[in-house]
Structures are given as structure tokens and as C-alpha cells.
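Please keep the structure open while you read these notes.

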Amino acid sequence: MAAWRLRAPGRAFGTAAGRGGGGGRLVLGAAFALGGSAGLCLAARQRLREHSAAELPAGSLQLTLYQYKTCPFCSKVRAFLDYHGLPYEIVEVNPIMRKEIKFSSYRKVPILLANAGSPLQLNDSSVIISAIKTYLISRRNSLEEIVSFYPPIKTVTEQGKEVLEYENKYWLMLDEKETKRVYPVKEVRVEEMKWRKWADDWLVHLISPNVYRTPKEALASFDYIVREGKFGTLEGLFAKYVGALAMFFVSKRLKKRHQLRDDVREDLYEAVNEWVKAVGKNRLFMGGNQPNLADLAVYGVLRVMEGLEAFDDMMVHTNIQPWYQRMEEVIQKTGVAI
């Protein structure tokens, strides 16, 4: 495999803790957007360059994505929208105050506001992807009707925390004819759903322990956060050095929670190579000649590490590079610069 060209930091990482009080609130809030809860705080509103939508008439679906830039779940949604050539507006959410999503009782990101005739809020990255993909394929039902097929249910985690989960979130709601067109054989659908779930349940949890693996890596991650975020001089210094130290220790707790090895890189390498093996040598993507929803999910999760040591190590020590480069190329052809 050719040596991977090291990149300057441009997109960062993925996961972490919750929010504390006082200085801890600033530190962990700054890290809040990574892999499920921690990262970059831009608190800015920006509009992505619009591009032609291959599957929709112009202006038929207006989309606004509320996100943390470095959140893997948000990155999954962007990869999906970009690949399908869907124009959307992006609103960066302040991970401390979250004022940008004060309109919503659902306090996580991503949130997608979609208007296909009437405004609608979609929550949860996998629900967003499944619902919009269903809408692109089948026009039998309105987007609102499609979203109703993914009902939220309250569940309790092992830690006793009440959370919302969504039924059917890896399913596309298609009739028999549509299903055969998208999934010629049953195994294709089963495989896609399996690996979408794997990206959510396993791969995403490897991000934070790897980007905060050592004090040096944690400092590099927070250096990126501070340079790109809106911090005063003292706030920036505090967040960079105290935050890096705090997240280094948080990553150790995450390693224990997810039963990772002492060297968490080994878990990352093993997971990535497991994915490459599943794609196989005879397919460009898991979806064949074009990415399917599993390809987009795995790519979305991994790319939040770009510019960091963990990403460069992964490119050098695993077999992911050819597939990853093909993903970059195909999304750039159909979507916008990320």
C-alpha cells in the first residue's frame, strides 16, 4: 500500500463526556461534539454552496442541518446528503449553550429540518438517513408519513439513564417492487443494515479513545478546537491545556466502558480491517460500483479524525486507504467540498 500523505488539521475527531460546572463546563463543552457528545464549538451559521440535486426537482426539498462539525453522527448525515447531491443549509450548534436548537425538546444533534411542502423535524442520524433515502426512492407517501414509521421509544441504559431510541431506523420503508429494485437479493439488504448498525454501535466508540489516547494527541485535538472556535485569549488557553488534560482522562474511562485494549489503536485497526474484509476484494464499495448506506456511514464516522495522528496511523497500518480514497472521490463528484 502506498504511504499515506500526512494532512494538516482540517477536520477533527469524535466523542467524549458531558458537561460540568464552572471551568469544567467550558472545557467539556468545548469538547462536546466528538463521537456522540464532544468537540468543536464554532457557534456560527454558514451556508453550504448549493449544487444540483440529481434525484429531486430543484427546490422540492429544503433542508437545514443542525450539527457539531466534528460529531461522527453529524458527519454521517453530511456524507449522505452530499453523495445524493442534496442542497442543505448547515447551522453549527454551540455545544455549551445549544441556543441554536432551543426550538427543540430533543437536545441532541444532528437535527434535520426538512420542508417538502410542510416543515418537519427529523432526529437521530440513522432515522434521518433512512427517512430521506426512502423519500428519494418512493413518492407514495409524504415525508411526514415516512417519518411516522420510525417511532421513538424510551429505554433505560445499563447505567440507569433514560434515552430515546427509534424503531426500524435501519430499514427503508419500500414496497415489494421498490425493494427488489434497490436490493436485488435479501442478503444485500441484511448486509447493509448490519454494517450501518455496526458503525453506530461499535466504530463510533473507538474515536474518542484514539484521538485523546495520549496527552500529546489530546493537546493536538484541543489546539484545533481552540484555533477554529470562538474563544477569548484566556478562555482559549484554559480550554486548550485544561481541556486536553481532562479529555485524556475521560478517554481512559471510555476505554474501560467499552472494554478496549491497553493500546486502543489495535481496536481501531482491527475494526477498520474487519470493514475492509467485509467489502472484499471484488467490490469497489459494499454497495458494489457505488456506495450504499453502510459505506456512507463508515466513511462519515472515520473522516472526523482527519488531520489527527489517529487518522494518519489508521491509513498507514490498515488496508482502508484504497476504499477511503474511492469514497472521497465519489462524494466530491456528486456533492460539495466538506
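**Notes on the strands and a helix contact**

1. Strands β4 (residues 111-115) and β5 (residues 119-123) pair in the antiparallel sense, over five bridges. Two strands count as paired if DSSP finds at least two bridges between them. Ala-114 stands opposite Leu-120 in β5. The hairpin of β4 and β5 has three residues between the strands, and there Gly-117 takes a positive phi near 125°.

2. Some ground rules. This is a predicted model: local features need pLDDT of at least 70, side-chain atom pairs count only at pLDDT 80 or more, and totals for chains, interfaces and linings use all residues. Residues are numbered from 1 along each chain as its sequence is written, and side-chain values use heavy atoms, with hydrogens and water left out.

3. The protein has 13 helices and seven strands. These are DSSP runs, numbered from the N terminus: helices are H or I with at least four residues, strands E with at least two.

4. Which strands does β2 pair with? Strand β2 (residues 62-67) pairs with β4 in the antiparallel sense, over five bridges. With β3 (residues 89-92), β2 pairs in the parallel sense, over four bridges. Find Thr-64: this residue stands opposite Leu-113 in β4, and its bridge partner in β3 is Glu-89. From β2 the chain crosses through α2 to β3, and this β-α-β crossover is right-handed. That is, with the strands pointing away from the viewer, the path from the first strand over the helix to the second runs clockwise.

5. Is β2 mostly covered or uncovered? Mostly covered: five of its six residues are buried. Buried means under 20% relative accessible area (1.4 Å probe, protein chains only); exposed is over 50%, and partly exposed lies in between. Across the protein, buried residues make up 55% of the 338 residues.

6. Now look at helix α2 (residues 72-83). Its axis and that of α13 (residues 321-334) come within 8 Å and cross at roughly 55°. Axes are lines fitted to C-alpha atoms, for helices over the stretch in contact, and angles run from 0 to 180 degrees between N-to-C directions. The two helices, α2 and α13, are therefore oblique to each other. Angles under 35 degrees count as roughly parallel, over 145 as roughly antiparallel, 65 to 115 as roughly perpendicular and the rest as oblique.

7. Who makes that contact (heavy atoms within 4.5 Å)? Ala-79, Asp-82 and Tyr-83 of α2 meet Val-330, Ile-331 and Thr-334 of α13.

Definitions and conventions:
Contact = heavy atoms within 4.5 Å.
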